[in-house]
Amino acid sequence: MKPDARAGAVNWLYAAPALLVMGVVSLLPIFETFRLAGEFHRIAVDTRFGPVMRTTLSLTAVTVLLELLLGLVMALVLWSPFKGRGFVRAAVLIPWALPTAVMAMAWRWIYNADYGVMGDLLFRLGLVASPQTAFLADASSAYWAIVLADVWKTTPFMAILLMSGLAAIPDELYEAAAIDGAGPVRRFFTVTLPLLRPTILVAVIFRGIQTFGLFDLVYVLTGGGPGGRTQTIAVYVYDVVFRYQELAYGCALTVAMAACLVLMTSLLLAVARERRTR
Amino acid sequence: MSRRLALVLLAALCACGRAEQDDGKVHIRYLASPDVGGFSKVIIERFEKANPGIKVDMIEGPSSGDARENMYSTAFMAKDDSYDLAYVDVAWLPKFAAQGWLRPIDDLLPPERAKEFLPGDVAGSTYQGKLYRVPIQSDGGMLYYRKDLLEAKGIPVPRTWEELAKAALALQTPQRAGFVFQGKQYEGLVCAFLEVVWGFGGDLLDEKGEVLIDAPPSVAALRALVDGIYERKFIPQAVLTYQEEEARNVFQEGRAVFMRNWPYAWNLMQKEGSPVRGKVGIVPMVAGPGGKGAATLGGWGFSISSYSKHPAEAFKLAEFFASPESQKLAFMQGGILPTRRSLYADPDVLRAAPHMKDLGRILAGARPRPVHPRWPRMSDALQIHVSAALSRQEKPAEALEMAARELRAAVR
C-alpha cells in the first residue's frame with residue numbers, strides 16, 4: 001500500500017465513529033421519515049394545516065426581522081470598545097444560554113394573569129386597564145407574547161453571528177471612508193452593511209430554519225391556544241404523530257415542512273445572488 | 001484497555017432492550033406518577049410478601065400524564081416489553097386498545113366481578129365490548145363552593161346554571177372571582193365544557209355515534225360560558241390560561257367562590273394551613289335549562305401489555321391493587337378515590353371522610369368521554385374551537401359548527 005493511501009485509510013478510520021453516529025442519529029431518521037411518509041393528499045383537505053402554516057410563517061417572519069434589527073444594534077454596541085464590555089457581552093448571552101423550556105416557564109409566570117409582572121409593569125405605564133391582564137388568554141396578545149419571548153431569547157445569538165461578520169471587516173476600509181469624509185452613519189451604510197450582507201444572510205437562514213421549527217416555547221407557554229392561534233407546524237406534527245398516532249401523515253407533514261424550508265432558503269439565496277450580480 | 005471500553009460500549013448499545021434479572025423471580029414492571037404518600041410502595045410490599053415468586057418494579061415517572069402517555073406509546077410502538085402493566089388514563093384507553101397494545105381481560109375479570117366496580121369506571125375500561133382495564137382510581141368533575149360565603153348571605157347551594165351565575169355575581173368582589181374552571185386549550189377544557197353541555201341537555205355524540213355538538217343545547221352551553229366571561233363577568237378571562245392547578249390555587253387562596261375541578265383538590269384544600277379549610281362544599285355540576293347536572297369521568301386503571309411475557313402475574317398485581325384493602329389504604333394515605341362501590345358506604349371511609357357519600361353520588365352519575373380510538377383528534381377539534389369561542393375569535397354557534405365538521409370527518 002502506498003503511504004498516501006494508507007494515510008487516507010487511517011483518516012477514514014478516525015472519521016468512522018463520527019460518521020457512524022451521524023448516520024445513525026441523523027441520516028437514518030431522515031431516511032425513515034421519507035420511507036414512512038404517506039397520505040400527502042390529506043394536506044390539501046386538512047383544515048388545521050392552513051392556520052398552522054400561517055401562524056408558523058408569520059411568526060418566523062416577524063421574529064427573525066425583529067431579531068435582525070435588534071441583533072444588529074446589539075452587535076454594533078458590543079463591538080465598539082467600552083468599559084466592562086467583557087461583562088456585558090457575557091451578560092447579554094444569558095437568555096440564549098438558558099434552556100428554552102425553563103425560560104418559557106419563567107415567561108409563563110411573567111405573563112400570569114394573577115401575579116405576573118408584565119401586567120403590573122404595563123399597568124404602571126398606563127397601557128392596560130388592570131394589572132390582572134391575562135395576556136395568554138387573548139389570541140393576539142398570546143401571539144405577541146410568544147414573539148417577545150422568542151426575540152428576547154434569540155437576539156443574543158443573532159448578535160454573536162453578526163459580530164463575527166463585523167470582525168471580518170478590515171479597519172482600513174473605515175479609515176479610508178473616514179478620510180474621504182464619511183460620517184458614522186454614512187460609514188455604516190457604505191461599509192458595514194454591504195460587507196455584512198453575507199453574514200446577515202447566513203444568520204437569517206439559520207434563525208429562519210430554527211423559528212420555523214419552533215416547538216418548546218409554544219408548547220410550554222400556550223400549548224397552541226387560545227383557539228389554536230399560536231399553534232406552530234412543529235406542535236401540530238407532534239400532535240399528529242404522538243397523540244393521534246397518524247405516523248404516515250405526520251411524516252408527510254414533516255416532509256412538507258422540509259420542502260418549505262428548502263424553498264425559503266433557496267429564495268433567500270437567489271435574492272442575495274441577484275443583488276450581488278447587479 | 002481500549003478494547004474493554006469498546007466492549008462496554010457495545011454492551012450498552014445492545015442493552016437497549018430489557019435486561020432479565022437473574023434472581024429467579026418474575027419481574028412485573030410499570031410506569032406511574034410519583035408515589036406521593038408512599039402508599040403504592042406499601043401495597044407492593046404486601047403483594048410481594050403474599051407472592052414470593054414475583055418482584056414488582058414500579059417506575060416513578062413524570063407527574064405529567066401527557067409525558068407518561070408518550071413513554072408508554074413509545075415503548076408499545078416499538079413492541080417493547082419494558083412495561084408489563086400500563087397505568088392507563090380513561091382518555092388513552094381506546095387509542096391504546098385500538099392499536100392492539102393491550103390484552104383484553106374478560107377471561108380474567110368476568111362481568112359478574114366487574115359489577116363490583118362503579119359503572120362509569122367499567123364503561124371507561126371497555127372498548128368495543130371488551131374489557132381492557134382493572135379500574136383502580138375513580139375520578140369525576142364536580143363543583144366546589146365556598147360554604148361559608150353562601151351561608152353568610154343566606155344563598156342556597158346553586159343547582160342550575162342561572163343560580164350559579166346569580167350567586168357568583170352576588171358574592172364576587174374585585175379580589176374574588178365568581179366561578180373558575182379549566183379553560184386553557186387542552187384536554188381539561190373538553191372535560192369542563194362537556195359537563196356544561198350535558199347540563200344543558202346536549203351531548204357530543206348520540207347513541208349511533210352521530211355528532212350532536214352543533215345542536216342548540218350545546219351552543220346554548222357555550223354561549224353561557226362566553227357570556228359569563230364577557231357579558232355578565234362572573235368568570236375571569238384568566239380562566240383561558242387555567243389548568244387544574246391554576247384553578248385550585250386561586251380557589252384555595254380564597255380568590256374564587258365557585259370552582260369546577262376533580263376530587264384531588266378536596267384533600268389539598270383540607271390540609272393544615274389551607275385558607276379555605278373546612279369552608280368548602282361539593283355538589284355535582286349545575287344543570288342548565290332542560291338538562292341534568294353531570295360529571296365527566298376521569299380515572300385510572302391497570303391494563304396488561306400485549307407484549308408482556310408474564311400476563312398472569314401482571315393481572316395478579318392489578319387485582320391486588322384493586323382489592324378493597326389496597327383501595328382503602330390508597331384512599332386513606334393518598335386520597336385516591338376507590339373504584340369499588342362498596343367503599344363509598346364503608347364505615348371506616350365515611351368516618352374519615354364524610355364527603356365520600358356526596359362523592360359516591362357524583363361518581364355514580366359520571367359520564368365517560370366518547371370511547372373512540374381517534375379521540376385525541378376529536379378532542380383537539382373541540383378544544384381549539386371552544387377555546388376560540390372563549391377568546392372571542394369565533395362566535396359560539398360557528399365555533400361548534402366548525403368543530404362538528406371536523407369531528408364528523410374524524411369519526412368517519
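**Figure 1. Y219(A), Y238(A), F242(A), R243(A), D66(B), E69(B) and N70(B) line the second largest cavity.** The model is predicted, and accordingly local features need pLDDT of at least 70 and side-chain atom pairs count only at pLDDT 80 or more, while totals for chains, interfaces and linings use all residues, and side-chain values rest on heavy atoms without hydrogens or water. Residues are numbered from 1 along each chain as its sequence is written, with chains lettered from A and ligands numbered from 1 in the order of writing. The space in this cavity comes to about 40 Å³ (on a 1 Å grid over the protein atoms alone, a cavity is a set of points where a 1.4 Å probe fits but cannot get out, and lining residues have an atom within 4 Å of a point; points are joined across faces, edges and corners, and the volume is the space filled by probe spheres set on them). Helix 12 (233-243) of chain A and helix 3 (65-77) of chain B each supply at least two residues of the lining (helices are DSSP runs of H or I with at least four residues, strands runs of E with at least two, both numbered from the N terminus). By class, three residues of this lining are nonpolar, one is polar and three are charged (Ala, Val, Leu, Ile, Met, Phe, Trp, Tyr, Cys and Pro are nonpolar, Asp, Glu, Lys and Arg charged, and the others, Gly among them, polar).

**Figure 2. The largest cavity holds about 60 Å³ of space.** The search of the whole structure that found it gives five cavities of 30 Å³ or more. The residues that line the largest cavity are V90(B), A91(B), P94(B), P368(B), R369(B), P370(B), V371(B) and W375(B). Seven of these lining residues are nonpolar, none is polar and one is charged.

**Figure 3. The second largest pocket has a volume of about 800 Å³.** A pocket is an open set of points with protein on both sides within 12 Å along at least five of seven lines. Of the 34 residues in the lining of the second largest pocket, V45(A), D46(A), T47(A), R48(A) and E406(B) are the closest to its centre. Helix 2 (42-45) and helix 3 (49-79) of chain A, together with helix 17 (375-390) and helix 18 (396-411) of chain B, each contribute at least two lining residues, and the largest share, seven residues, comes from helix 17 of chain B. The lining of this pocket divides into 13 nonpolar, eight polar and 13 charged residues.

**Figure 4. Helix 3 and helix 10 (residues 184-212) of chain A pack at an angle of about 145°, with their axes 10 Å apart.** Axes are lines fitted to C-alpha atoms, for helices over the stretch in contact, and angles run from 0 to 180 degrees between N-to-C directions. On the side of helix 3 of chain A, the residues that meet helix 10 of chain A are M53(A), T56(A), L57(A), L59(A), T60(A), T63(A), V64(A), E67(A), L68(A), L72(A) and L76(A) (contact means heavy atoms within 4.5 Å). Helix 10 of chain A brings F188(A), T192(A), L193(A), L196(A), I200(A), V204(A), R207(A), G208(A), T211(A) and F212(A) to this contact. Together the residues of the contact between helix 3 and helix 10 of chain A divide into 13 nonpolar, six polar and two charged. The secondary structure of chain A as a whole comprises 13 helices and zero strands, and its C-alpha trace spans about 75 × 60 × 40 Å along the principal axes.

**Figure 5. Helix 10 (residues 216-230) of chain B and helix 18 of chain B have axes that come within 9 Å and cross at roughly 130°.** Helix 10 of chain B is therefore oblique to helix 18 of chain B (angles under 35 degrees count as roughly parallel, over 145 as roughly antiparallel, 65 to 115 as roughly perpendicular and the rest as oblique). S218(B), V219(B), L222(B), R223(B) and V226(B) of helix 10 of chain B make the contact with P396(B), A397(B), A399(B) and L400(B) of helix 18 of chain B. Seven residues of this contact are nonpolar, one is polar and one is charged.

**Figure 6. Helix 9 (residues 187-199) of chain B packs with helix 10 of chain B at an angle of about 120°, their axes 8 Å apart.** These two helices, helix 9 and helix 10 of chain B, are therefore oblique to each other. Their contact is formed by F193(B), V196(B) and V197(B) of helix 9 of chain B with S218(B), A221(B), L222(B) and L225(B) of helix 10 of chain B, and by class the contact has six nonpolar, one polar and no charged residues.
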